[in-house]
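Here are some notes to read alongside the model. Please keep the sequence and the 3D view open while going through the points.

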Amino acid sequence: MQAKRLNRIEESATIKMSHIAQQLQDEGKDVLNFSLGEPDFKTPEHICEAARQALDLEYTHYTSSAGIVELREEIAKKIREENQVDASMENVIVTPGAKQAIYELMMAVLDEGDEVIMLDPAWVTFEAAVKLAGGTIKWVKRVEEDVKYESLESVLSANTKMIIINSPNNPGGYVLSEKEQREIAEFAIEHDLIVLSDEIYEKILYGRKHVSIASFDGMHERTVIINGFSKTYAMTGWRIGYAVAPLEIMKGMLKIQQHSVTCAPSISQFAALTALKSSQDCVREMVCEFQKRRDVIVRRLNEMGLRCVDPEGAFYAFINTSGHGDDVEFTERLLKEAYIVVTPGSAFGLAGKDYVRLSFAASMEHILDGMDRIERLL
Ligand SMILES: Cc1ncc(COP(=O)(O)O)c(C=O)c1O
C-alpha cells in the first residue's frame, strides 16, 4: 500500500524516544524525558497578547502564501542588520515551521541522484528530507574536530549539489568557527554548491558569537538560511519558521508551499512579528537559564567520568558512552534502570554510535534528578 519512497526513511528517532517516554509515564513510571528539543518555557506573554489581538481583529484567514508583508520585511531587516546578509523581503518565505522550509527547499532544488554533503552527526530531518526528494547523503565527520576543505573534497562528485551546515549544532552542541565556515564557503563557491545554513539556534549561545556563512563575499547568492521562532521564543506549537533564499530558489519553494500548506498560520505570523519587533529580554532570560543547566550537566557528567562535548550553543549535551557500551546499549540501560530517556547518537548519522544526546530543554529540577540517577546507575 505504501509508496516505495517511504522505504528511504525511518520514523523520527527523537519523536520515537518521546513516545516510549510517554508510554512509560502512562504506565505510572517516574520517567525523565531528555529526548525532545523543545524549550520548556512558556511563550512570552507579549507574544501571546499579540495573538489575542490578531484574533480580535479577525486575522483568521489565509494570508499571502509567502507570508504577511510586515513579517517578511521585518525578517529581511533582521537578516540585514543582525546577520550582515544582503536580503530583501522578496528573498523571504515564511513557513509553518523551519521543518517545512527544509522540505520545500529539498523538493525545489534536488533531482533524483543528486548528492548532498552533510556534517556528521546531523539533526534527523535533514537526511529524511534529502532522501524523500531523491537525493543521497555524503557524510563528513565533525565530532570533536573541525571540518577541513580536504575532507569535504574527499566526498565531492559530479553529482554534488548542496552542503548542509547547522551552527549552533543539534545534536553536537558545537558552533562552527569562522575559519571552518570560511573553508566551507570557499569550497561551495569553488564547486558551485547550494549551502543550506540552519541557524535556528543562533541566539542560544554560551560565550560564542554567531556568524552567518551567508555574510561572506559571494555567499548570499548561493545560501539558503533556515531559521524560525520555535527555539528562540519558545514557540514550537505556533509553527512559524522561515527561509531566506536567492530569488529563484525562493520562488521554487513558494510553488511547493502554495500547493501544499498554502501559508503559515495567520495568527502565529502576527505573534512572530511582535516577537521580532519587541524587546529581546525574554530571549536573554531563557538563554541565561539554559546556561545554568548546561553548566550543571557538564560539571556533573565530568565528575562521573562521562565525557561530554562542552556545548557551545543550542541545548544538547552530546555524551560519549565509551566504557559503557555503544549508544543503543547505553540508551537502553538508562531507560530500563533509571527511567531516563535520551536519544542514541546513531540516530543522527554514522559518527554518533558512541554518543547519546541529552536535551537540556528540561527543568533544572529534572536535570538534577536525572544527574543523580545517572550517577547511581554508573
Ligand atoms: C536544527 C533544527 N532545525 C529546525 C528544527 C525545527 O524547527 P521548527 O519547529 O521551526 O520546525 C529543529 C527542531 O528540533 C532543529 O533542531
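1. In this predicted model, an oxygen atom of the ligand lies 2.8 Å from a polar side-chain atom of Lys 231. Two further contacts of this kind can be listed. The side chain of Ser 230 has an N or O atom 2.7 Å from an oxygen atom of the ligand. For Lys 99, a polar backbone atom is 3.0 Å from a ligand oxygen.

2. How much of the ligand does the protein bury? Taken alone, the ligand exposes 400 Å², and the protein buries 93% of that. As for location, the second largest pocket is where the ligand sits.

3. The residues around the ligand include Gly 97, Ala 98 and Lys 99, and also Asn 166, Asn 170 and Asp 198. Trp 123, Ile 200, Tyr 201 and Arg 239 are among them as well, together with Ser 230 and Lys 231. Sorted by class, this shell has four nonpolar, four polar and four charged residues.

4. How many disulfides does the structure hold? The count is zero. Cys 308 is in no disulfide either, with the nearest cysteine sulfur, that of Cys 288, 19 Å away.

5. Are these cysteines, Cys 282 and Cys 308, buried or exposed? The cut-off for buried is under 20% relative accessible area. Cys 282 counts as buried because its relative accessibility is 13%. Cys 308 has a relative accessible area of 9%, so Cys 308 is buried too.

Terms used: Residues numbered from 1 in each chain as written. Predicted model: local features only at pLDDT ≥ 70, side-chain atom pairs only at ≥ 80, totals over all residues. Heavy atoms only, no water. Near = heavy atom within 4 Å. Polar contact = N/O pair within 3.5 Å; in protein donor to acceptor, adjacent residues only side chain to side chain. Areas by Shrake-Rupley, 256 points an atom, 1.4 Å probe, with all protein chains shown as cover. 1 Å grid on protein atoms, 1.4 Å probe; cavity = no way out; pocket = protein on both sides within 12 Å on 5 of 7 lines; lining within 4 Å. Sits in = over half its atoms within 2 Å of the grid points. Nonpolar A, V, L, I, M, F, W, Y, C, P; charged D, E, K, R; others polar. Disulfide = S-S within 2.5 Å. Buried < 20%, exposed > 50% of the residue type's maximum accessible area, 1.4 Å probe, protein only.
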